[in-house]
Amino acid sequence: MSGRRTPGTRHTTVAKAIAALAVGGFAIGTTEFSIMGLLQEMVDDLDISVPAGGHVISAYALGVVVGAPVLAALGARVPRKMLVLGLMLFFALSNLSSFFAADYSWLLFTRFLSGLPHGAFFGVAAVIAASLVAPTRRAWAISMVMLGLSIANVVGVPFATWLGQQAGWRWMFVLVAAIGLLTVAMVARFVPYQPTLAGASIKAELSALGRAQVWLALLVGTVGFGGFFAVYSYIAPTMTEVAGISENVLPVVVGLYGVGQVIGNVAGGRLADINVMGSIYAILGGTVVILLAYAWAVQFAATAMVLVFLVGLIGSMLTPPLQTRLLDVSPGAESLASSLNHAALNLANALGALLGGVVIAWGWGYRSPAVVGAVLALLGLAIALISGFLDRRPERSSK
């Protein structure tokens, strides 16, 4: 009897494994966003300009875009648990190296290194989490891994920012490295070993790049999510200049956004387990409505606060169904396709921020990025509908 696992024991084992992976997401979210809150401290210490400091943020994003496909493909024949352990150990050590970076050039390089395992970790972690549960709960499991990233915006980023302000901005990297090493210990203890799949190879993983539906799903993320980032990139000046909210209240605004993210991430996983493509259609459609409402209602402080929460909610709802969609359309190449999702989301960040900045520079005001965002979300919905149509086409032709 002692050697048999009861359903309760099984659920506990799965929960611990997913929690271990989520802690890794928490570490990644903390390092990705905390540097933005410590930007002024960093540029003052290094004696560089603010735009040069922004390049440190860009270096991390570039690492994500490069590392996601490369490391996922190179790790094709490595057992997934071992790959996740290696990625997180590399992440922890590269963050620690940022603490010791002697000058600006070395800091740029170490931040690029820190970004390399980001996408591959989330991609492989999503595949592991999905494999631990029944097919009808895959999106929920993926959303629980991504929950670590959402919680980082509510807890990890504020604490790391406070620590950096009190002890020095470099100590943020030490904190993140410690959380990364904690993740290594938890994954080693709680995530079950998974043998390499038969036929796994770099070539098999790269086969995902030859599938139209993989590219369409990535395009949905890049364009549709770009609408979300068009708004979030300029949320601080919009709140102060348009809504008339005091700078002292901005932490509350960011907190509301973070709480919306946490709730939306869980809700997105639940919806995707019911209907993956249906949830993508509904979320993108909802994004169009919410961003248009934001463009009008942000002029009033009370409604601005509500809309900030809803933007965080609807934005994070899209990640679990997109991640699940990529698993569905990439049999045999799930790790690479899933990892590419995070490269796509970083491109969405750049696209949304760029287009939002363009319309502001044209003199259209801080409300205009929300309209741009709504257009991007509508384009993302159109791409998703095309993808869904292509799914149904073989069924019609076979009748």
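A residue counts as buried when its relative accessible area is under 20%, as exposed when it is over 50%, and as partly exposed in between (1.4 Å probe, protein chains only). By that rule Phe100 is exposed, because its relative accessible area is 60%.

Before going further, a word on the model. This is a predicted model, in which local features need pLDDT of at least 70 and side-chain atom pairs count only at pLDDT 80 or more, while totals for chains, interfaces and linings use all residues. Residues are numbered from 1 along each chain as its sequence is written, and side-chain values use heavy atoms, leaving out hydrogens and water.

**A patch on the surface**

Helix α4 (residues 80-99) gives the largest share, 3 residues. Helices are DSSP runs (H or I, at least four residues), numbered from the N terminus. Leu89 sits in helix α4 and is partly exposed, because its relative accessible area is 38%.

**Aromatic rings**

Rings of Phe, Tyr and Trp (its six-membered ring) pair if their centres lie within 6.5 Å; planes under 30 degrees apart are stacked, over 60 edge-to-face, and the rest tilted.

| Pair | Centre to centre | Angle between planes | Type |
|---|---|---|---|
| Phe99 and Phe100 | 5.0 Å | 90 degrees | edge-to-face |
| Trp169 and Phe173 | 6.0 Å | 80 degrees | edge-to-face |

Trp169 and Phe173 are both buried. Elsewhere, Phe225, Phe228, Phe229 and Tyr257 make up one aromatic cluster.

Glu32 lies in helix α1 (residues 7-37). Glu32 is buried but has no salt bridge, that is, a side-chain nitrogen of Lys or Arg within 4 Å of a carboxyl oxygen of Asp or Glu. The nearest side chain of opposite charge is Arg111, 8.4 Å away; Lys and Arg count as positive and Asp and Glu as negative, with His and the chain ends not counted.

Leaving aside neighbours within four places in sequence, Glu32 is in contact with Tyr60, His118, Leu149 and Asn346, where contact means heavy atoms within 4.5 Å.

Ser143, in helix α6 (residues 138-167), is buried, with a relative accessible area of 0%. With neighbours within four places in sequence again left aside, Ser143 is in contact with Asn265, Val266, Gly269 and Pro320.

Notes
Helix = DSSP H or I, 4+ residues; strand = E, 2+ residues; numbered from the N terminus.
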